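Subject: Structure handover

Hi,

Here is the structure I promised to pass on.

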Amino acid sequence: MKSLAIGILASVLMLMGWSTTLIAQEQSDELHRFYEEKPALVVGIIVDQMRPDYIDRYWDMLSDDGFRRLVGEGFTFTHAKFDYMPTATGAGHAGVYAGTTPSEHGAIGNSWFVRELGRGMNVIEVPGYEGVGSAPGYDGSKGPGNLLTTTFGDELRLHTNKRSKVVSMSRKDRGAIIPAGHLGDAYWYEASTGNFVTSTFYHDELPEWVASFNSRNLAQFYLSEPWETLHPIENYTASIADDNPYERRYVEEVPPVFPHNLPVLVEEYGLDPGLLSYTAFSDELLLEFALAAIEGESLGVRDVTDILAISFSALDGVGHMFGPASVEVQDTFLRLDLLIARLLTHLDEHAGEGNYLLFLTSDHGAPHVPEYLTDLGIPGGYVDLDEEEKAVRAFMTETWGEDFLLAISNFQLYFDHAAIDRAGLEHAAVEVKTTRFLLTRNGVAGALPANVLAFNEFTRGIRGWVQYGYHQKRSGDVMFWLEPHTNRGTRYQGTDHNAPWVYDTHAPMHWYGWTVQAGRSSLPVFISDIASTVANFLGSPLPSGNTGNPMNRYMK
Ligand SMILES: [Zn+2]
């Protein structure tokens, strides 16, 4: 009996051992598979100025195959944030692709004052190149040179010995150039001609597929019909009345209501193809270009992972004009939803369903039009930065007998350091006194002097967001931010962004395809977490300045 029991026990143990070996083998195979199987394509989508609440707000009118598909079959993070200011396109695109904040990647805004040049400089302005495919006289010397760190695309290119392609596109030059990183290709829309162009940083001439796309003259096509709502306008109950006092106008004489007669605006009022940027149709044009790029570059069907970066800007153009509560923004979003559906269907057919990894986020949000909010009793307003500049200059002259202000740029005051030295003043004293003065101004919520940011570390809240937006060499001497629901400028219509407040810092965050499971999480994540997440999916190196943390562990 005893020996039988021992015999059974021995066989059970043997079987257990055998099955443990089997499990270990399976786990090992699974881990090996990670190194052997990669997605054919990574598709990065940035929707410029997209607030995450648009999906909920317009849910009833969304199609089944666009945003609803991303939400139903993909993974959604409901608490994704930008953790810096200014929340602008340049900084936003860099944050997504470089996996860090302006304090490290150096793209501290769309443009900023450069002391050595004595003027403002655009984030994509680099000397020594020319426009390719652009109109004569167009300043085409553009490239990623002001981005100080690498992107996940750069690292993938280095990792695969440049076999992987990175192809990036946008209506905006910066929306295309920054995601392309230092080693990718970028194409952007040239408003004066309606063509997609590049610079000699990338190519000496346009690839055949780009030239042939341009010859289709699609910009002219989209401007040849009035912009009507996709559905009967009475169904747009998620938006305020189409005729309202909070919207900007294409031209002063024409009320901002549907249908927007685009051909009349072009022919009678002389608006150029740049008008397209302020309609829903610039996204349609961009989608067509993206589909042409997939074909033209054979993306997603090669033996190595490629990256397709698409930055849709229509919502930003339309949002600035009409504000988040407008019928125009709703219609632009509903049309974008159909474009996302078309893109997913195309990728299914081309790269194969489950073979591509896709993320969708934004570069910043937007507040409701301040005057709309103040009419409802919510505090807010406008600050004319030209008036602030005059006030700061007057304060300096009165206090020190001299005006040290070089410029106000990017919500930062830049001082003339040499002049402060000549006057025998302490830099910190000038910073602190000017900060105190700024805090007496209406509409200014807070300010921090550079010496405080350079030698302290704020890690959360608005002071933290200012810290992460502060670059020791590129930023100014005093950073400031405006009260909630307060936009810069004197225009009492349309909206803006750049603030550290939640309406500008709360972002959509959707992952879809490849090994992503359907799900939803309210765990806090940051935009700078995207790059390391992609790198984790691909097993490729992290961008050089990466400070974000991968989200992969939440998407199981
Ligand atoms: Zn904008």
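Below are some notes on the nonpolar cores and on one strand.

First, the ground rules. This is a predicted model, where local features need pLDDT of at least 70, side-chain atom pairs count only at pLDDT 80 or more, and totals for chains, interfaces and linings use all residues. Residue numbers start from 1 along each chain as its sequence is written.

Now the cores (sets of buried Ala, Val, Leu, Ile, Met, Phe, Trp, Tyr and Cys residues joined through C-beta atoms within 7 Å). Buried means that 20 or more other C-beta atoms lie within 10 Å of a residue's own, with C-beta atoms placed from the backbone. The largest nonpolar core has 138 residues, and Ile-45, Met-169, Ala-290, Leu-308, Leu-315 and Met-479 touch the most other members. Its top contributor is helix α13 (residues 327-352), with ten residues; helices here are DSSP runs of H or I, at least four residues, and strands are runs of E, at least two, numbered from the N terminus. Domain 1 (41-369 + 499-554) and domain 2 (381-483) both supply residues, so this core lies between them. The domain bounds come from an automatic or database assignment. Another core, of six residues including Tyr-372 and Leu-373, lies apart from it.

Then have a look at strand β9 (residues 195-199). Five of its five residues are buried, so β9 is largely enclosed by the rest of the structure. Asn-195, Val-197 and Ser-199 cover one side, while Phe-196 and Thr-198 are on the other. Three bridges join β9 to strand β8 (residues 185-190), running antiparallel; pairing takes at least two DSSP bridges. Trp-188 stands opposite Val-197.

Cheers

Conventions: A residue is buried if 20 or more other C-beta atoms lie within 10 Å of its own, exposed if 12 or fewer, and partly exposed in between; C-beta atoms are placed from the backbone.
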